[in-house]
Amino acid sequence: MKILVLNGSPHPDGATSDMVNAFARGAESKGHEVRILHVARKNIRGCMDCGHCRNREKGVCAQKDDMQEIYPEILSADMVVFASPIYYFTLSAQLQAAIQRTYAIDIPANVSKVALILSSGSPYVYGPAISAYYQSIVEYWGVENAGIFTANGRQNKSEAKRQELYRFGSSL
Ligand SMILES: Cc1cc2nc3c(=O)[nH]c(=O)nc-3n(C[C@H](O)[C@H](O)[C@H](O)COP(=O)(O)O)c2cc1C
């Protein structure tokens, strides 16, 4: 399976990346191909609702920024993992920008399953992020939710959390 991870944390060595890397090691141990894209370190602007992708060139976004390299990755993936720190009770703005820019390609036909990885300072802060994930991705794309994983406070970068994410990756 080709697995794409969209990591919305600006920290390549942060807590979100720690979970993502453990997941990737587990998935790769079972022969899956994992590609991690750090969307928060890319130039991805918000959707302008210009209508280009719907009315002029179907499926083509008029904004020529780093999202252009991400579209083919999403379209060729079998699974997409969304990873993000919690910012103000929801997904990071950088990951939300990438998700909203999928408006151009609409529902990626090849993707059959998705997952969500979240890191936060506090517990019980995940409601809006999980709701956005379910409504915008799981239900809208019509795909299987393979799992939702969270770490808060001292769980971040813990060996127990790494093992949990490794097990998830190796279960695919
Ligand atoms: C702008 C901003 C907003 C945040 N909002 C929340 C929040 O609402 N709830 C929470 O528990 N943690 C919040 N945090 C803390 C981060 O979610 C937490 O530090 C996380 O582990 C960072 O992950 P990273 O190391 O992958 O960047 C916020 C951090 C920042 C910078």
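The legends below describe close-up views of a predicted model.

Residues are numbered from 1 along each chain as its sequence is written. In this predicted model, local features need pLDDT of at least 70 and side-chain atom pairs count only at pLDDT 80 or more, while totals for chains, interfaces and linings use all residues.

**View 1. The fold of the protein chain.** The protein chain has 6 helices and 5 strands, where helices (H or I, at least four residues) and strands (E, at least two) are DSSP runs numbered from the N terminus. In sequence order the elements read β-α-β-α-α-β-α-β-α-β-α. The radius of gyration is 15 Å, close to the 16 Å that the globule rule gives for 172 residues, so the protein chain is as compact as a globular protein of that length. This radius is taken over C-alpha atoms, and the globule rule is 2.2 Å times the number of residues to the power 0.38. The C-alpha trace spans about 50 × 35 × 25 Å along its principal axes. Of the 172 residues, 38% count as buried. A residue is buried if 20 or more other C-beta atoms lie within 10 Å of its own, exposed if 12 or fewer, and partly exposed in between, with C-beta atoms placed from the backbone. Among contacts between residues at least 6 apart in sequence, 80% join residues at least 24 apart; two residues are in contact if their C-beta atoms, placed from the backbone, lie within 7 Å.

View 2. Helix α6 covers residues 159-170 and has 12 residues. From first to last C-alpha α6 reaches 16 Å, close to the 16 Å expected at 1.5 Å a residue; the expected span is 1.5 Å times one less than the number of residues. The buried residues of α6 include K161, L165, F168 and G169. They lie on the same side of α6 because they cover an arc of only 100° around the axis, the arc being that of the directions from the helix axis to the C-beta atoms. E159, A160, Q163 and R167 are exposed on the other side of α6. The packing partners of the buried residues of α6 are α1 (15-29) and β5 (144-152).

**View 3. The shell around the ligand.** Of the 17 residues around the ligand, S9, G14, T16, P85 and G121 come nearest; a residue is near if its C-beta atom, placed from the backbone, lies within 6 Å. At least two shell residues come from each of α1 and β4 (113-120), and α1 gives the most, with 3 residues. The shell divides into 7 nonpolar, 10 polar and no charged residues. Here Ala, Val, Leu, Ile, Met, Phe, Trp, Tyr, Cys and Pro count as nonpolar, Asp, Glu, Lys and Arg as charged, and the others, Gly among them, as polar.

**View 4. H32 in the loop between α1 and β2 (33-38).** H32 counts as partly exposed because it has 17 C-beta neighbours inside 10 Å. Apart from neighbours within four places in sequence, H32 is in contact with M1, I3, A27 and L172. H32 and E144 are 112 residues apart in sequence and 18 Å apart in space, C-alpha to C-alpha.

**View 5. Positive phi at Y88 and D106.** Y88, which is not a glycine, has a positive phi of about 50°. Y88 sits in the loop between β3 (79-85) and α4 (93-101) and is exposed, with 9 C-beta neighbours inside 10 Å. D106, also a residue other than glycine, has phi near 60°. The loop between α4 and β4 holds D106, which is partly exposed, with 13 other C-beta atoms within 10 Å.
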